[in-house]
Amino acid sequence: NVIKFIVPYRSLTIHTNTGVYSTPVSIETALTPRNFSLALQDSTPATAIAPQAVDNQIVILSGNDVQSMEWQGINNAYNSTISSVSSEHLIRNPHDETAYVNLNKAGSRYIFIINDDGSMVIYQTLILENVQGFTKSISEQILTNDGVTPIVTQGKFRWAASNNDGRCWFVVERQIANELVPPFTYSTKYFIEQLSFDVYTDCSYIYSGAATSTLSGLARYNGQTVVMQGDGYGFSDQVENSTVEFTAHGQPVEVSEAVVGFAIPTIIQPL
């Protein structure tokens, strides 16, 4: 067997090209070369994506299946199930996953799964409450080559990572304008973005300061339509000259607290 990944959880799980093995869980002594042994837990082969441990289970991506190996304390073993049966149409050629726990919100246990097409599938799991579900997410951009006509395109999630401090980051591929004013051409750029539960836009810029109706120096929004929240009110703008303008009925509006970014569309997938 070729060992692909080693995941420490309730025991030391060894993920190979033929299945998942575990060290003994009933031995209280230290493991040594003389007493070391492995027991087969499941025949699901490991692929190129490292399994993640979260919410009393190890989540394994094998092909387009999401395999859940839930720890069963009574049997001192892992119980293997396919958790993506009802949502298998959302997961297509995944290449990355990361586990995330929101330390500021009770019951928030997630796996972020990145598909090759740039979409992301969010798996929320709460085993004790018998709750689990998958949601697809995309990063939408509205380009305006001529400064007027909208062209809807999609940013692409490429990689994800998280840490034990309750933070999570994504590498996102976007189309960014090369010019300050139309006509615009675009080049592919990559951004590292941090997950936030305080803002509701994508690729966001946060402003807090003196009242103003314009925010400058935002070259990443050139040639694109952004949505903004200023002092609790909603705005939108087609950006030129790296400057975002807050207007209502054609008149400038000064704001002191603002968030600027791309809209996050909601996707409803029938099961």
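## How to read the model

This is a predicted model, in which local features need pLDDT of at least 70 and side-chain atom pairs count only at pLDDT 80 or more, while totals for chains, interfaces and linings use all residues. Residues are numbered from 1 along each chain as its sequence is written, and side-chain values use heavy atoms, with hydrogens and water left out.

## The chain as a whole

Let's begin with the overall picture. The secondary structure of the protein chain comes to 0 helices and 24 strands. Here helices (H or I, at least four residues) and strands (E, at least two) are DSSP runs, numbered from the N terminus. The C-alpha trace spans about 75 × 35 × 35 Å along its principal axes.

Of the 271 residues, 41% count as buried. Buried means under 20% relative accessible area, exposed means over 50%, and partly exposed is in between (1.4 Å probe, protein chains only). A contact means heavy atoms within 4.5 Å. Among contacts between residues at least 6 apart in sequence, 50% join residues at least 24 apart.

## Aromatic rings

A pair of aromatic rings is described by the distance of the centres and the angle of the planes. Rings of Phe, Tyr and Trp (its six-membered ring) pair if their centres lie within 6.5 Å; planes under 30 degrees apart count as stacked, over 60 as edge-to-face and the rest as tilted. By this rule there are 11 aromatic pairs. One of them joins tyrosine 110 and phenylalanine 112: the ring centres are 6.1 Å apart and the planes are at 5°, so this pair is stacked. Tyrosine 110 is buried, at 12% relative accessibility, and phenylalanine 112 is buried too, at 5%.

Phenylalanine 112 also pairs with phenylalanine 170, with centres 5.4 Å apart and planes at 75°, so the pair is edge-to-face. This pair links distant parts of the chain, 58 residues apart: phenylalanine 112 lies in strand β10 (residues 109-115) and phenylalanine 170 in strand β15 (residues 168-177). Phenylalanine 170 counts as buried at 7% relative accessibility. Ring pairs link Tyr100, Tyr110, Phe112, Phe157, Phe170 and Phe197 into a cluster.

## A buried glutamine

Which strand holds glutamine 67? Glutamine 67 belongs to strand β7 (residues 65-72), and with 7% relative accessibility this residue is buried. Its C-alpha atom is separated by 5.8 Å from that of threonine 81, 14 residues apart along the chain. Leaving out residues up to four places away in sequence, glutamine 67 touches Asp42, Thr44, Ile58, Val59, Ile60, Ser80, Thr81 and Ile82.

The side chain of glutamine 67 makes polar contacts with the side chains of aspartate 42 (3.3 Å), serine 80 (2.3 Å) and threonine 44 (3.2 Å). A polar contact is a pair of N or O atoms within 3.5 Å; within protein, one must be able to donate a hydrogen and the other to accept it, and residues adjacent in sequence count only if both atoms are side-chain atoms.

## Nonpolar cores

In soluble globular proteins, nonpolar side chains tend to be buried together. A nonpolar core is a set of buried Ala, Val, Leu, Ile, Met, Phe, Trp, Tyr and Cys residues joined through side-chain atoms within 4.5 Å. The largest one has 15 residues, of which Leu215, Tyr221, Val226, Met228, Val244, Phe246 and Val260 touch the most other members. The elements giving two or more residues to this core are β17 (202-212), β19 (225-230) and β24 (255-262), and β24 gives the most, with 4 residues. Apart from this core lies another, of 13 residues, among them Leu61, Leu90, Ile111 and Phe134.

## Cysteines

A disulfide is a covalent bond between the sulfur atoms of two cysteines. How many disulfides are counted? With the cut-off of two cysteine sulfur atoms within 2.5 Å, the count comes to 0. The sulfur of cysteine 168 is 16 Å from the closest cysteine sulfur, in cysteine 203, which is too far for a bond. Cysteine 168 is buried, with a relative accessible area of 0%, and cysteine 203 is buried with 7%.
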